[in-house]
Amino acid sequence: MDFAFTDEEERFRAELRAFLAEELPDWWRGMFVDDPRAIPFTRAFCRKLAARGWLALSWPREWGGQEASVWQQAILREEMWAHDEPRGPQYMNLNYIGPCIMRFGSEAQKRRFLPPMTAGDVLWTQGFSEPGAGSDLAAVATRAEARGDHLVVNGHKIWSSYADAPADWCFLLARTSASARRHEGLSILLVDMRTPGITVRPIDSMAGPHELNEMFFDEVRVPRDCLLGAQGQGWEIVTTGLTFERVGVARYARAGRVIALLVEHVKAAGLAGDPDVRRKLAELRVCHEAARLLNYRVISLQVRGQVPSVEAAIARVHNTQLEQRVGHVGLEILGLGGQLTADAPGAPLRGLLHRQWARNVPSTIAAGTLEVQKNIIARRGLGLPRAS
């Protein structure tokens with residue numbers, strides 16, 4: 001299978017790189033940093049992308065997109081992740097929240113929610129995991145009870161990225177029927193985060209500040225017109241959305257850039273002749289190429305209009321483990337100096353490897369744990385029965 005890009009696509013990549021070189025400030029190191037400039041910068045950056053028509057590149061023109069090819073969208077995604085994702089939280093809007101609204105939403109919901117996304121004017125968070133449910137989303141206990149023309153939400157969500165950004169809206173999974181089977185009776189609500197009764201509490205983590213949050217919902221009244229799809233359709237919506245999400249994060253591109261910078265450092269430091277270093281770098285490069293091609297396989301299936309859940313799970317496993325491996329191997333090569341953070345004088349590669357290692361400890365949990373991905377592969381891909 002030939003995954004080579006066309007001349008037009010390569011020109012687009014070059015144009016993107018020139019834009020990023022001009023727009024990214026020297027201090028930019030990605031999200032989840034203790035720097036008050038980060039979120040305002042991502043908002044301004046997204047508006048500049050939107051002005052060029054690049055923010056929702058492959059979306060229909062009807063909703064502010066350019067109807068570009070899925071492969072062009074993949075190029076944009078690679079360049080953003082290779083440069084520490086300057087779209088910030090808004091990558092979630094574009095990867096799966098917007099596409100889910102297009103797929104399952106009413107015309108009124110599309111007119112209400114999609115234009116602010118394509119303009120770069122809105123931040124979303126997601127409310128999926130719970131303290132008693134983790135990645136087992138079928139066990140969600142947060143309730144949404146029908147009362148007149150509203151659904152009233154009570155419950156507790158956890159591991160919600162960007163909720164404290166602050167997010168403007170929440171893509172919330174809640175149980176609307178207590179008597180239905182586990183995978184039924186779930187619904188998706190589009191919740192205005194300014195609604196009374198919502199409390200956001202940041203969670204300290206070794207990966208950096210402002211990454212994860214708890215959200216508490218206490219008698220939160222959500223208008224019925226903010227129910228996405230039919231009541232009880234939540235499982236179908238959330239599994240579709242997570243498939244888009246798993247392939248929409250080009251972790252292999254970020255890992256590839258770190259490997260390239262590590263190679264440059266090794267050459268400059270006179271370590272390029274060390275056989276152990278050479279072997280480790282070569283193995284990383286092979287893993288990166290495998291992850292890239294697995295992602296391209298998923299993209300090729302999307303081009304044919306499919307929702308490739310099994311292939312996305314396979315790619316996800318390789319992506320997240322690659323990111324962790326780059327951090328581990330990079331620290332081995334750099335030695336004690338690799339543990340220096342960006343603010344330490346003389347830190348090799350400005351603390352890049354420490355950040356790569358620390359930031360990716362939770363990577364194999366986000367968007368479904370490795371165990372969830374392996375269960376998808378085993379049951380849907382291999383046809384194996386559910387574990388007893």
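The largest cavity holds about 40 Å³ of space. This is a predicted model, in which local features need pLDDT of at least 70 and side-chain atom pairs count only at pLDDT 80 or more, while totals for chains, interfaces and linings use all residues. Residues are numbered from 1 along each chain as its sequence is written, and side-chain values use heavy atoms, with hydrogens and water left out.

Back to the empty space. Rolling a probe the size of a water molecule over the atoms shows where such space is left. Here a cavity is a set of points, on a 1 Å grid over the protein atoms alone, where a 1.4 Å probe fits but cannot get out; the volume is the space filled by probe spheres set on the points, with grid points joined across faces, edges and corners. The structure holds one cavity of 30 Å³ or more. Lining residues (those with an atom within 4 Å of a point) of the largest cavity are Ala-82, Asp-84, Arg-254, Arg-257, Val-258, Leu-261 and Leu-352. They divide into four nonpolar, no polar and three charged, where Ala, Val, Leu, Ile, Met, Phe, Trp, Tyr, Cys and Pro count as nonpolar, Asp, Glu, Lys and Arg as charged, and the others, Gly among them, as polar. Helix 7 gives the most to this lining, with four residues. Helices (H or I, at least four residues) and strands (E, at least two) are DSSP runs, numbered from the N terminus.

Helix 7 covers residues 251-268, and Arg-251 lies in it. Arg-251 counts as buried because its relative accessibility is 10%; buried means under 20% relative accessible area, exposed over 50% and partly exposed in between, with a 1.4 Å probe and protein chains only. Setting aside residues up to four places away in sequence, Arg-251 touches Arg-316, Asn-319, Thr-320, Glu-323, Asn-360 and Ser-363, contact being heavy atoms within 4.5 Å. The side chains of Arg-251 and Glu-323 are joined by a polar contact of 2.9 Å, and those of Asn-360 and Arg-251 by one of 3.5 Å. A polar contact is a pair of N or O atoms within 3.5 Å; within protein, one must be able to donate a hydrogen and the other to accept it, and residues adjacent in sequence count only if both atoms are side-chain atoms.

Asn-360 itself sits in the loop between helix 10 (352-359) and helix 11 (370-381). With 1% relative accessibility, Asn-360 is buried. Beyond its neighbours within four places in sequence, Asn-360 is in contact with Arg-251, Arg-254, Glu-323 and Gln-324.

Some backbone details turn up in loops. Asp-84, also part of the cavity lining, is in the loop between helix 3 (70-82) and helix 4 (90-104), and has a positive phi, near 65 degrees, despite not being glycine. Trp-159 likewise has phi near 65 degrees; Trp-159 belongs to the loop between strand 3 and strand 4 and is partly exposed, at 46% relative accessibility. Pro-166 lies in the loop between strand 3 (150-158) and strand 4 (169-175), and the peptide bond from Ala-165 to Pro-166 is cis, with omega near 5 degrees.

As for the cysteines, a disulfide is a pair of cysteine sulfur atoms within 2.5 Å, and the count by this rule is zero. Cys-100 is in no disulfide, the nearest cysteine sulfur being that of Cys-170, 13 Å away. Cys-226 is in none either, with the sulfur of Cys-170 the nearest at 12 Å. Cys-100 is buried at 0% relative accessible area, and Cys-226 is buried at 2%.

Methods: On a 1 Å grid over the protein atoms alone, a cavity is a set of points where a 1.4 Å probe fits but cannot get out, and a pocket is an open set with protein on both sides within 12 Å along at least five of seven lines; lining residues have an atom within 4 Å of a point.
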